[in-house]
Amino acid sequence: MILKIKQKYFSLRGRYEILDENDGIAYIIQGKFSMPKRFEIIDEQGNAVGEMRSKFFDIMPTFILYIDGEEIGRVKKQITFFKRTFDVDCKGWSVEGDILGWDYVIVDEKGNKIATLSKKILSLVDYYVMDIVNPEDALAVIMIALSIDVEKQE
């Protein structure tokens with residue numbers, strides 16, 4: 001399954017469109033004016049299906065991921081001197097590759113590929129292409145990718 005994250009640069013709260021293979025909108029991620037940061041994930045029928053909330057008063061930025069109100073995991077930025085790393089605590093998955101360049105792979109605890117992510121730059125809009133092995137994992141993959149992207153931009 002191929003999905004593309006299209007970032008809206010001129011949005012004050014942060015808005016992303018998740019496009020399917022035919023460039024139709026599969027999900028919309030809308031940032032909310034709140035402290036801590038909060039993003040709501042809305043499916044193509046207009047239903048709120050997920051949410052990302054940053055953890056308040058944490059030393060390193062952390063996003064808590066929810067699907068249908070249930071916590072499914074966390075993404076936490078790690079302290080390093082030479083590169084940015086993120087600790088993913090979601091379904092036993094981890095992130096491998098070049099996060100700064102947006103070319104990385106999400107793998108399970110056995111090393112099986114869950115998704116491959118890569119960045120494509122097109123004029124004023126960046127696209128992040130996600131090749132997701134199992135469509136049931138799409139929402140979790142989207143939230144992990146957006147958690148990393150939001151923290152990279154800060």
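Me: In which helix is Asp149 found?
Reply: This is a predicted model, where local features need pLDDT of at least 70, side-chain atom pairs count only at pLDDT 80 or more, and totals for chains, interfaces and linings use all residues. Residues are numbered from 1 along each chain as its sequence is written, and side-chain values use heavy atoms, with hydrogens and water left out. Helices are DSSP runs of H or I with at least four residues, strands are runs of E with at least two, and both are numbered from the N terminus. Asp149 lies in residues 138-153, helix H1.

Me: Is Asp149 buried or exposed?
Reply: Buried means under 20% relative accessible area, exposed over 50%, and partly exposed in between (1.4 Å probe, protein chains only). Asp149 has a relative accessible area of 2%, so Asp149 is buried.

Me: Which side chain makes a polar contact with the side chain of Asp149?
Reply: A polar contact is a pair of N or O atoms within 3.5 Å; within protein, one must be able to donate a hydrogen and the other to accept it, and residues adjacent in sequence count only if both atoms are side-chain atoms. At 3.2 Å, the partner of Asp149 is the side chain of Tyr128.

Me: How many bridges join strand S3 to strand S4?
Reply: Two strands pair if DSSP finds at least two bridges between them. S4 covers residues 38-43 and runs antiparallel to S3. The number of bridges joining S3 to S4 is six.

Me: What is the bridge partner of Arg15 in S3?
Reply: Strand S2 (residues 15-19) runs antiparallel to S3, with five bridges. In S3, Arg15 is partnered by Gln30.
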